[in-house]
Amino acid sequence: MPSRRTLFAASGAAFLSWDAVIRAAHAQTPPGVLVMAKQIDDVISLDPAESFEFTGTEICGNVYQKLTTTATDDPARLAGDLAESWTAGDDAKTFTFTLKPGQKFASGKEVTAEDVVYSLQRVVALNKSPAFIINQFGFTKDNMAQTIRATGPRTVVLTTAEPTATSFLLYCLSAAVGSIVEKAVVSARAANDDWGNAWMKANSAGSGPYRIVSWRASEAVTLDANPNAARAPATRRIILRHVADPSAQLLGLQRGDYDVARNLASDQIRGAQGDSRYTLVTQRKAGLLYIAMNQKHPILSKPGVRQAIKWAIDYEGIQRNIVPSNYAVHQAFLPEGLPGALTEKPFKADVAAAKKLLAEAGHPDGFEIGFDFFSGPPVNDIAQAVQANLAAIGIRARMLPGEMRSVITKTRARQHDLALLRWGSDYFDPHSNAEAFSMNPDNGDDARNKTLAWRSAWAIPELTARTVAAVKETDGEKRVAMYEALQRDHQQQSPFAIMLQDLEVAVARNTVKGLQIGVLNDRTNYAGVTKA
Amino acid sequence: MLLARLKSLAATAASIPITLLGLAVVTFFIGRVVPIDPVLAVVGDRAPADVVARARIELGLDQPLYAQFWRYLTDILSGNLGRSVMTSNTVWEDIARYFPATFELATLAILIAALLGIGLGVLAATRQGSWVDQAVRVFCLAGHSLPVFVLALVSLLVFYAWLGWLPGPGRQGIVFQDMVEPVTGILTLDALLAGDWPAFWDAVLHLIQPAGILAFFSLAYIARMTRAFMLAELRSEYVTTARAKGLSSMRIVWRHAFRNTAVPLVTVIFLTYAGLLEGAVLTETIFGWPGLGQYLTVSLLNADMNAVLGATLVVGLIYVVLNLMADLLYRLMDPRTR
């Protein structure tokens, strides 16, 4: 039997070797590898024809090229990505794209018109969630052979069903769903008429700066530099690690296990702001927080009441005190950073003016009303602040917190009174939000098109016609002016009090430079990231 | 005699499908009364009307409730749990991916909890009223009353951020990512199968914190139960007899008293294990552990009802099977049940 001394010595030795193991496991992130801590459990698929979530489209944006894209320094300016040039026919229905020469897929093969045609037809045929961005131009499985075709090795012709504004088409083609995949690779993996969808969920066949090495749901995504990219990225490997808890993200950043933390909370960002070890990358995102007022409610349908509510909310105070780092005040339906966005902020908290408006509308003593909102932070805090603002003018909001999808389900059934909601733009063109907020072609309960305006039962034949006219306007500048005018009228008349615009803040170690966060997720760019 | 034993076994086995049927009924109807439109989860908030209508029919939501339930039941019986909306995999594929992570965590946690819990419980019982007993009581009280997320975050702060002894969230270090070929999905086992020792150590180090925390909460319960069972035994007449015969106290405690408490303890440990196997949402979230608890929660919040129903059934099945195993062990260990 071993003596106590032997046991003691043995345990000491065990501890020392244990310590060595632990130290070995704690290297800093390796050079040439960037590790980002992020909530990535939203990824359903990395197939660009299917991916429509925040993280998925961000990855697609770095793995694939599109025909067109928007300039990084001026997001509203269109630029060619794979396309060198384009022309629109006189009928505004035929669009011819010429590809840049020498653009290569990760396999080393050159990108051809055939790949472009295959990729866009694939989107139309698969018809997954983001397909409507492409399909809205009239492409269908039946007509795609005629409407999407190659007329030369570097020439693609698209034919739309209706006369279309060039900028509208180009913005839509710049979305992640417009990514160009390598036909030979994808079609070789196709099974059961799935256009290679099953394989593409976790693999890539693109010409972007990176290629997918692996994706493990709710764990990690690994990307490696595409050796044949037109412009080689500065960092050879990008790893996105799923870290759900913001505090754990911060700890890992402090320890040096992560180079970038993507989902820190307001107070953590504030803490990092004054710390020289970190740099902050802040970007306005195409997401809005707004209050919808159901026009089926007899009181809310009065224009004076809607105006009173808009004048009661303390936009600046809410932003400053509750969400200083995660939201900015914004009051128009096009978020700043998107073409045509209106930055005017006509409303501010004015209790006297709001009370007067309420009295003129016949409710000097206010009224009681239901208020639905998502019960998670920080929306629940914002909802409480709004409740206090409304109480100041006599409106008693009955708080109805709920899970996000149950709140959406309720508004889709037009059963809410007031609801605090979020809306993110689907693609870069102003029509994405204009259609949602200012179009309601049929206000009947069983309407086909359940836009946000429909959900609040807002009958607007005139605004609907103007929105349709704006999307069809082929003169780019005139089109922007139409959207600005539309937003001004919408601000005053609509049953929407648009309050705040999302901000995304990435906190990086100060050795990391060049991370670009996009207004839309598919514009977030890793290619320029360097790590000292 | 043999016939009686077979009969009782058959009765226990017959209770399994009934329990599972009950579970299927309850989860199905809860899933239908949740105020979230399942179509929303499938096609998203932006889908055109015709896509929404098509999805509603595909999901069978246009059928009356009893028809939907019948369809669901026949699907389960043919082994088809459906497809998850969130991951677009079949629910079986998802469970096969998430369950091993939970299994690895829960098994290590229950091993630690059982060893320490029984040890502490016996110690406290044999020294009833002494400072040892009090210390165990305080320790267990902490295990019962501290919120798990507080302890998990404090543990991360101390062992990961300050001392740097243990790695942060996740199952693997960045260096080892994608290095081990998944065979069983149990990372430590896969690393061993591949003969990759550094990857094995890395996986073990990542396991220590979450498993330690889950073990702490379970051992509090096991220790308390052990103490109570032991006290009852130690007061028995056969123990007094044994003492009168002059047996050593070690022998009395472990060979006589403990053997009798082992029978109810098996049930306690198995049920605790079953509880751990259903996944610990908060621990899994904080430690970035892709386990069954996280899968169930994310699915539930996204109204992914196939995934919720499937995972719930699997959890139910685990409960029933572990219960059955506890029952069988009971019969083996306790001669009176034979």
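The model is predicted, so local features need pLDDT of at least 70 and side-chain atom pairs count only at pLDDT 80 or more, while totals for chains, interfaces and linings use all residues. Residues are numbered from 1 along each chain as its sequence is written, chains are lettered from A and ligands numbered from 1 in the order in which they are written, and side-chain values use heavy atoms, with hydrogens and water left out.

## Where the domains meet

Let's start with the layout. Chain A is divided into domain 1 (43–211) and domain 2 (285–503), with bounds from an automatic or database domain assignment. Taken over C-alpha atoms, the centres of these domains are 33 Å apart. In domain 1 of chain A, 19 residues are in contact with 13 residues of domain 2 of chain A (contact means heavy atoms within 4.5 Å).

How much area do domain 1 and domain 2 of chain A bury between them? About 1,200 Å², with 67% of it on carbon and sulfur atoms; buried area is the accessible area (1.4 Å probe) that two parts lose on being put together, summed over both. Ala165(A), Phe168(A) and Tyr171(A) lose the most area on the domain 1 side, together 37% of what that side buries.

No salt bridges are counted between domain 1 and domain 2 of chain A. A salt bridge here is a side-chain nitrogen of Lys or Arg within 4 Å of a carboxyl oxygen of Asp or Glu.

## Salt bridges elsewhere

Side chains of opposite charge can pair when their charged atoms come close. Over all chains, the structure holds 31 salt bridges. Here are three of them:

| Residue pair | N to O distance |
|---|---|
| Glu84(A) and Arg154(A) | 4.0 Å |
| Arg237(A) and Asp224(A) | 2.8 Å |
| Arg523(A) and Asp522(A) | 2.7 Å |

Salt bridges that share partners also join Glu58(A), Arg262(A), Lys285(A) and Glu504(A) into one network.

Glu84(A), at 46%, is partly exposed, and Arg154(A) is partly exposed at 31%. Arg523(A) is buried at 13%, and Asp522(A) is buried at 7%.

Technical notes
Buried means under 20% relative accessible area, exposed over 50%, partly exposed in between (1.4 Å probe, protein chains only).
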